[in-house]
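This report walks through one chain, from single residues to the whole fold. Keep the sequence and the coordinates open while reading.

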Amino acid sequence: MQTAKHLAAAPMPLTLSFDMPAVEQWAQFSSDRNPIHFDLAHARAAGLDALIVHGMLAMMPMKEAASQAVAPDGWMKFRTLLRNPIAHDRDVVFTTKPAADGIAFRLHDTTGKTEHFRGTYGRVGDPSAQLQGDTPRGKPLERAHLDRFFATYPHVRERWIALDAVVFSQFMRSRLHVLERLAHAHMMRLSGGAPASRVVVQSSHTVTFDAAFFDASADADQWNRLHHALLTPELLASGNQIGGVVALPVLCAGRLVMLVEVGLVARFDTDIPN
């Protein structure tokens with residue numbers, strides 16, 4: 001069985017599990033200490049029956065396996081939906097099948113009945129046209145954070161996986177509050193009062209990247225010229241939930257090299273008037 005820490009060129013299907021040390025390691029790197037990952041009482045209050053694994057931690061070996069299955073060429077896209085949370089120390093199985101321009105994959109329990117992730121990985125066109133208007137220059141990437149990723153996860157060979165993790169964790173650490181404030185204000189308008197007991201969960205993750213930029217022979221100085229921006233999301237309400245997709249473009253000298261899109265859902269404990 002493969003673990004979150006060690007993934008060689010393993011045959012499919014691939015069995016994975018994530019224990020508390022792996023969860024703690026990701027939390028230390030990402031600063032994501034949402035108590036649903038560590039406090040069982042809090043997890044149960046959020047409607048879960050066990051401590052759950054960070055979605056980004058579970059995705060890491062999935063991305064590695066996908067990269068082994070489809071050689072990067074041109075623009076590549078990894079897209080997945082987070083359908084059901086993964087409990088600590090629970091075996092899950094990653095399977096793939098051929099799909100247009102790449103593969104389709106699933107991460108499910110050992111019986112195949114519960115699906116945790118579903119997605120695709122393969123070649124796509126340049127997504128620059130998706131960005132309407134002028135993309136803000138954004139904040140410089142913290143190179144020390146990227147170096148810390150490789151020190152924490154030295155087995156990860158693909159640079160795009162590292163950059164995706166760094167951009168996501170910097171967003172969670174320093175910019176998630178922007179979305180939380182927007183969601184809170186929107187829910188307050190809908191409910192007519194102050195919403196309470198907010199829980200924010202990730203619902204999807206998409207990363208589109210220019211494989212040429214991540215080639216090992218590329219100019220290393222490029223990594224010191226990276227900026228990442230936050231585009232204001234459009235929020236949609238459904239019952240006591242508000243969701244949206246946050247777009248995080250990564251640019252090198254003004255050119256798009258990666259687009260990270262994070263689907264988030266904020267759940268509130270409040271009554272919406274009819």
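Does Val 201 count as buried or exposed? Val 201 has a relative accessibility of 19%, so it counts as buried. The cut-off for that label is under 20%. The model is predicted.

## Val 201 and its surroundings

Val 201 belongs to strand β7, which covers residues 196-210. Beyond its neighbours within four places in sequence, Val 201 is in contact with Gly 263, Leu 264, Val 265 and Arg 267.

His 54 gives a further reference point. Val 201 and His 54 are 147 residues apart along the chain. Their C-alpha atoms are separated by 9.7 Å.

## Val 167 in helix α5

Helix α5 spans residues 159-174 and holds Val 167. The relative accessibility of Val 167 is 0%, so this residue counts as buried.

Which residues does Val 167 touch, leaving aside its neighbours within four places in sequence? The contacts are Leu 141, His 228, Leu 248, Val 250 and Val 260. Take Val 260 from that list. Val 260 and Val 167 are 93 residues apart along the chain, and 7.8 Å separates their C-alpha atoms.

## Gln 222 in a loop

Gln 222 sits in the loop between β7 and β8, the latter being residues 226-228. With neighbours within four places in sequence set aside, Gln 222 is in contact with Phe 213 and Cys 252.

## How α1 meets α3

Helix α1 runs over residues 20-30 and helix α3 over residues 55-69. They pack at an angle of about 105°, with axes 10 Å apart. That angle makes α1 roughly perpendicular to α3; the label applies from 65 to 115 degrees.

Helix α1 brings Ala 22, Val 23 and Trp 26 to the contact. Helix α3 brings Met 56, Leu 57 and Met 60. How do the residues of this contact divide by type? There are 6 nonpolar residues, no polar ones and no charged ones.

## The annotated span

UniProt lists residues 22-59 as "domain: MaoC-like", in an unreviewed entry. In the model, the span of residues 22-59 is 53% helix and 0% strand. The C-alpha atoms at its ends lie 13 Å apart.

Ser 31 is not a glycine, yet its phi is positive, at about 65°. Ser 31 is placed in the loop between α1 and α2, with α2 at residues 40-45. Its relative accessible area is 44%, so Ser 31 is partly exposed.

Asp 89 is not a glycine either, and its phi is positive at about 60°. The loop that holds Asp 89 runs between β2 (75-82) and β3 (92-99). How exposed is Asp 89? A relative accessible area of 55% puts Asp 89 in the exposed class, whose cut-off is over 50%.

## The chain as a whole

The secondary structure comes to 6 helices and 11 strands. The chain has 274 residues, and 50% of them count as buried.

What share of the contacts with a separation of 6 or more comes from residues 24 or more positions apart? Such pairs account for 68%.

Definitions and conventions:
Residues numbered from 1 in each chain as written. Predicted model: local features only at pLDDT ≥ 70, side-chain atom pairs only at ≥ 80, totals over all residues. Heavy atoms only, no water. Axes fitted to C-alpha atoms, helices over the stretch in contact; angles between N-to-C directions. Helix = DSSP H or I, 4+ residues; strand = E, 2+ residues; numbered from the N terminus. Parallel < 35°, antiparallel > 145°, perpendicular 65-115°, else oblique. Contact = heavy atoms within 4.5 Å. Nonpolar A, V, L, I, M, F, W, Y, C, P; charged D, E, K, R; others polar. UniProt positions renumbered as here; feature names shortened; annotations may be inferred. Buried < 20%, exposed > 50% of the residue type's maximum accessible area, 1.4 Å probe, protein only.
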